[in-house]
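Biologist: I am new to this structure and would like to go through it step by step. Could you show it to me, please?

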Amino acid sequence: RVHGEVHQDFSSPGIYLNQEFIVIEFVFVYNMEAASQKNDNGCPRDHPPRFVDETHSPSFFWRAHTITILIVCILIVTYVAINTDQQGDLVYNSKRALATCSIVFMCFLATQAQDGPFTRPHPAFWRLALGASVLYELSLIFLVCQTVDDARYLLSHLDPELGKSLPEHSYGEDCTLWDSGHPDGPLHNVWDKLDFFIFAHFIGFIVKAILLRDVWMVTVISVVFEILEYTIEHQLPNFNECWWDHWLMDVLLCNGMGMVIGLWILHYLNEKQYHWRSLWQIPSYRGKMKRVAAQFSPYFWTEFHWRPRSSLKRWFAVLGIAAIFLAYELNLFYLKFLLWIPPPHAILQARNVIIVFSGAVAFKETYQYMSDPTCKKLGQQAWIMAAIFGTESLMTIKFGWDLIWIPPPRHIQLCWLVGLIVFFIYTLGYFVWPSFRIRKTVFTTQKLPRKSSFINLDVVSETEEEHYDK
């Protein structure tokens with residue numbers, strides 16, 4: 001069928017060759033389109049089956065501008081080199097040099113790094129996120145090679161207010177939920193515990209729901225993190241909270257409301273119809289403004305199905321992802337306690353922003369690596385995030401060696417022992433025991449010949465032969 005007409009006469013060699021050419025051309029175009037849907041790691045991009053590849057658009061917004069950015073970098077380096085402080089202020093000149101190195105490094109990655117799975121609002125944005133995560137990892141490596149006192153001293157060069165011991169606030173002194181005789185009201189204990197961390201819990205679980213894209217994963221992380229707070233509250237006084245602060249204010253109120261809003265956003269993104277047009281194809285100015293705002297939304301949304309119980313290997317892989325996620329949370333609290341950084345400080349906020357944007361790419365790359373058989377290697381952003389996790393954990397262990405080895409109370413140890421036993425029993429019962437029973441049934445239900453220990457496949461039926469092959 002060519003242009004809606006059915007051709008029955010194939011006797012002419014010309015028609016046969018033309019059809020062969022059409023088939024060859026179709027296969028070539030199909031392979032080129034399939035290759036364009038993959039990023040530089042060989043994994044599929046976040047595109048629908050039919051899409052318009054914006055990254056190859058000739059518009060100014062999508063051009064690489066490599067020469068322009070190179071000239072800008074040279075001008076920046078020239079300006080900093082000429083305007084060096086000649087009075088010999090080593091600290092000031094070192095700060096300017098490090099800032100210049102960081103700018104040039106970020107410009108290089110923005111123009112030359114590999115593209116990841118995301119293209120909105122622009123691939124350069126996610127390359128900059130990769131560069132920020134690399135710079136953060138290099139900073140961690142530099143700090144972990146110092147002593148804890150030297151690390152605090154170096155941080156004081158970024159902010160003179162740092163490097164000073166901080167008082168830790170405990171929330172578990174008075175756990176009376178309803179105090180009818182207090183002059184400040186019966187719920188004065190509740191109002192006293194409303195601080196910055198309440199807002200952080202709420203916003204954090206909106207972001208976690210969007211990153212993980214799975215209600216069960218987010219719920220498990222919410223509950224397990226509160227159990228970890230019980231476990232290490234003897235090490236970090238900030239985790240010493242009342243029972244109703246743990247389960248009512250944190251899990252149900254803040255985390256629960258954050259998860260509900262995050263899941264609503266996920267539902268909206270899953271149900272949304274993704275149909276894009278170029279900005280210049282929209283006639284009205286209102287439509288153009290809506291199209292500009294939509295540039296900051298996903299090009300296409302992929303729903304995550306982690307399926308942890310599909311196999312034993314995937315079970316441990318998903319549990320490992322959840323454990324790393326929780327370790328990122330704990331490392332934040334340990335490092336701010338060990339390095340004397342107050343919670344609202346810009347360093348901690350910058351760290352959280354880097355982790356969020358880099359983690360979004362890392363989760364997508366990890367999910368593709370686990371679920372797509374054509375994805376042969378772990379993505380670059382997931383690799384960097386794993387390195388950050390290892391370096392932060394190493395810094396926590398090195399700087400807080402005496403702190404982390406303080407044993408928890410006996411009842412906490414017994415609870416973890418019971419939990420681990422239940423976990424291993426469940427893992428063995430769900431994954432190992434059924435396969436063992438199936439294997440045992442295969443070898444015991446089949447009757448073997450009595451006079452020989454070998455099986456004569458000539459006298460065995462076809463079904464039994466296939467059974468023995470298995």
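Biologist: At what angle do the axes of helix α11 and helix α12 cross?

Modeller: Please note that this is a predicted model. In it, the axes of α11 (residues 312-338) and α12 (residues 346-371) cross at roughly 175 degrees and come within 13 Å. Angles over 145 degrees count as roughly antiparallel, and α11 and α12 are therefore roughly antiparallel to each other.

Biologist: Which residues meet there, in α11 and in α12?

Modeller: On the α11 side they include V318, I321 and F325, and on the α12 side they include I355, F363 and M370. By class, the contact of α11 with α12 has 11 nonpolar, 4 polar and 3 charged residues.

Biologist: Changing topic, how many salt bridges does the whole structure have?

Modeller: A search finds 5. In one of them, the side chains of E329 and K208 meet, at 2.9 Å from N to O. E329 lies in helix α11 and K208 in helix α7 (residues 196-212), 121 residues apart.

Biologist: Is K208 buried or exposed?

Modeller: K208 has 11% relative accessibility, so this residue counts as buried.

Biologist: What about D115, which residue does its side chain meet in a salt bridge?

Modeller: The partner of D115 is R127, at 2.7 Å from N to O. D115 sits in the loop between α3 (90-112) and α4 (123-144), while R127 belongs to helix α4. Both D115 and R127 are buried.

Biologist: And with which residue does K164 form a salt bridge?

Modeller: K164 pairs with E161, their closest N and O atoms being 3.8 Å apart. K164 counts as partly exposed, at 44% relative accessibility, whereas E161 counts as exposed, at 55%.

Technical notes:
Residues are numbered from 1 along each chain as its sequence is written. This is a predicted model: local features need pLDDT of at least 70, side-chain atom pairs count only at pLDDT 80 or more; totals for chains, interfaces and linings use all residues. Side-chain values use heavy atoms; hydrogens and water are left out. Axes are lines fitted to C-alpha atoms, for helices over the stretch in contact, and angles run from 0 to 180 degrees between N-to-C directions. Helices (H or I, at least four residues) and strands (E, at least two) are DSSP runs, numbered from the N terminus. Angles under 35 degrees count as roughly parallel, over 145 as roughly antiparallel, 65 to 115 as roughly perpendicular and the rest as oblique. Contact means heavy atoms within 4.5 Å. Ala, Val, Leu, Ile, Met, Phe, Trp, Tyr, Cys and Pro count as nonpolar, Asp, Glu, Lys and Arg as charged, and the others, Gly among them, as polar. A salt bridge is a side-chain nitrogen of Lys or Arg within 4 Å of a carboxyl oxygen of Asp or Glu. Buried means under 20% relative accessible area, exposed over 50%, partly exposed in between (1.4 Å probe, protein chains only).
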